[in-house]
Amino acid sequence: MRVLITGGSGFVGQRLCQRLIEAEHRVQVVSRDPEAARSRLPESVDVRRSALDFVDAPPEALVNLAGESIAAKRWSDDQKEKLLDSRLNVTRELVGLCEQLQQTGARMPRVMVSGSAMGYYGDQGDREVTEETTAHDEFAHRLCRRWEEAARKAESFGVRVALLRTGLVLDQGGGSLEKMLPPFKLGLGGRFGSGEQYMPWIHREDLVRAILFLLEHDELAGAFNGSAPHPVTNAEFTRTLAGHLKRPAFLPVPAIALETALGEMARLLLTGADMRPARLLEAGFDFQFETLEGALEDILA
Ligand SMILES: NC(=O)c1ccc[n+]([C@@H]2O[C@H](COP(=O)([O-])OP(=O)(O)OC[C@H]3O[C@@H](n4cnc5c(N)ncnc54)[C@H](OP(=O)(O)O)[C@@H]3O)[C@@H](O)[C@H]2O)c1
């Protein structure tokens with residue numbers, strides 16, 4: 001199968017490319033900087049600047065992961081626009097590709113797995129959250145909702161669309177864990193605020209397996225929570241990580257300090273949702289890493 005990935009040069013995308021190539025699929029990547037992306041990806045990957053550049057090589061499947069990092073900078077109005085536009089523009093190009101393929105009578109992609117995030121639900125306190133839960137209206141929710149809506153436009157071209165509301169992706173070599181490890185290794189880790197907020201998480205390997213699962217199962221469409229079956233609170237996460245590193249983690253970071261330093265972006269650390277992967281489990285997806293202990297044991301081995 002020929003699979004086109006936006007954001008294929010990123011933390012999740014790179015591992016996805018690797019797994020697809022191992023399974024003998026052909027991989028295409030959209031990147032703003034094709035040369036830099038090529039240097040990070042296996043040689044066989046076809047990297048181009050826009051999804052629209054692939055009209056002459058129609059993919060059978062689309063995976064949409066590109067977007068400005070949500071934690072890159074304080075959420076000023078300009079940064080909020082950048083977070084939104086970086087996702088909407090790339091997603092619209094994918095839909096534009098479908099439109100052009102239809103016009104040229106070429107074969108249409110069968111499926112698009114499109115990124116979204118736990119932020120879709122907004123702050124949910126300690127309520128258990130499935131794909132059915134009503135979202136709390138806040139910036140993260142509006143960002144994810146508009147990203148999902150843009151992706152669903154591909155449905156009008158007969159493309160099956162699966163939306164993956166991803167939790168915190170854990171692995172070596174990137175993502176949030178890379179930022180957390182240095183202070184924790186020095187014994188300077190600690191919970192954020194009360195620590196009672198939920199942090200749904202997923203091992204990068206399971207996330208890539210979930211993307212492959214959604215690509216392969218023709219009956220699966222709509223929203224899927226992409227996080228392990230056993231989410232933890234921030235305090236449990238802190239304890240478990242510190243325990244694995246055999247370091248103390250007695251230094252809580254007060255909510256007010258985070259709010260002062262990060263503004264509205266502090267919500268990423270101080271609020272959350274007890275998100276459960278109800279639809280993936282119902283579809284028979286088998287998580288390799290169900291508990292945080294197991295995931296960290298693998299990652300930090
Ligand atoms: N990692 C997590 O914990 C996590 C959790 C929930 C949701 N997600 C979502 O899942 C997706 C993949 O995550 P990831 O960790 O692999 O992300 P990542 O490493 O930050 O990479 C995403 C890719 O998006 C492209 N990109 C970055 N800024 C962009 C911009 N301003 N405009 C257009 N493209 C831009 C980059 O590709 P080029 O530089 O090659 O163009 C980058 O490689 C992201 O959309 C993220 O929001 C991630």
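N64 is buried, at a relative accessible area of 0% (buried denotes under 20% relative accessible area, exposed over 50%, and partly exposed the range in between, with a 1.4 Å probe and protein chains only). The structure is a predicted model, in which local features require pLDDT of at least 70 and side-chain atom pairs count only at pLDDT 80 or more, whereas totals for chains, interfaces and linings use all residues. Residues are numbered from 1 along each chain as its sequence is written, and side-chain values use heavy atoms, with hydrogens and water left out.

N64 belongs to strand β4 (strands, E, of at least two residues and helices, H or I, of at least four are DSSP runs numbered from the N terminus). The side chain of N64 forms a polar contact of 2.9 Å with that of T91. A polar contact is a pair of N or O atoms within 3.5 Å; within protein, one atom must be able to donate a hydrogen and the other to accept it, and residues adjacent in sequence count only if both atoms are side-chain atoms. Beyond its neighbours within four places in sequence, N64 is in contact (heavy atoms within 4.5 Å) with residues including T6, V90, L94, M112, V113 and W147.

The largest nonpolar core comprises 34 residues, among which I5, I211 and L215 touch the most other members. Such a core is a set of buried Ala, Val, Leu, Ile, Met, Phe, Trp, Tyr and Cys residues joined through side-chain atoms within 4.5 Å. At least two residues of this core come from each of β1 (2–6), α1 (11–22), β2 (26–30), β4 (61–64), β5 (111–117), β7 (160–166) and α6 (204–216). Helix α6 provides the largest share, eight residues. With residues up to four places away in sequence excluded, I211 touches V12, L16, V63, L65, V113 and L164. Apart from this core lies another, of 19 residues, including L177, M199, F237 and I299.

Helix α6 also contains E205, which counts as buried at 13% relative accessibility. The side chains of E205 and R19 make a polar contact of 2.6 Å.

A backbone N or O atom of L65 lies 2.8 Å from a ligand oxygen atom, while polar backbone atoms of F11 and V169 are each 2.9 Å from an oxygen atom of the ligand. The protein covers 81% of the 880 Å² of accessible area that the ligand has on its own (Shrake-Rupley method, 1.4 Å probe; for residues, only the protein chains shown count as cover).

L170, in strand β8, is buried, with a relative accessible area of 0%. Residues touched by L170, not counting those up to four places away in sequence, include L177, W201, F237, L292 and I299. R92, in helix α3, is partly exposed at 48% relative accessible area.
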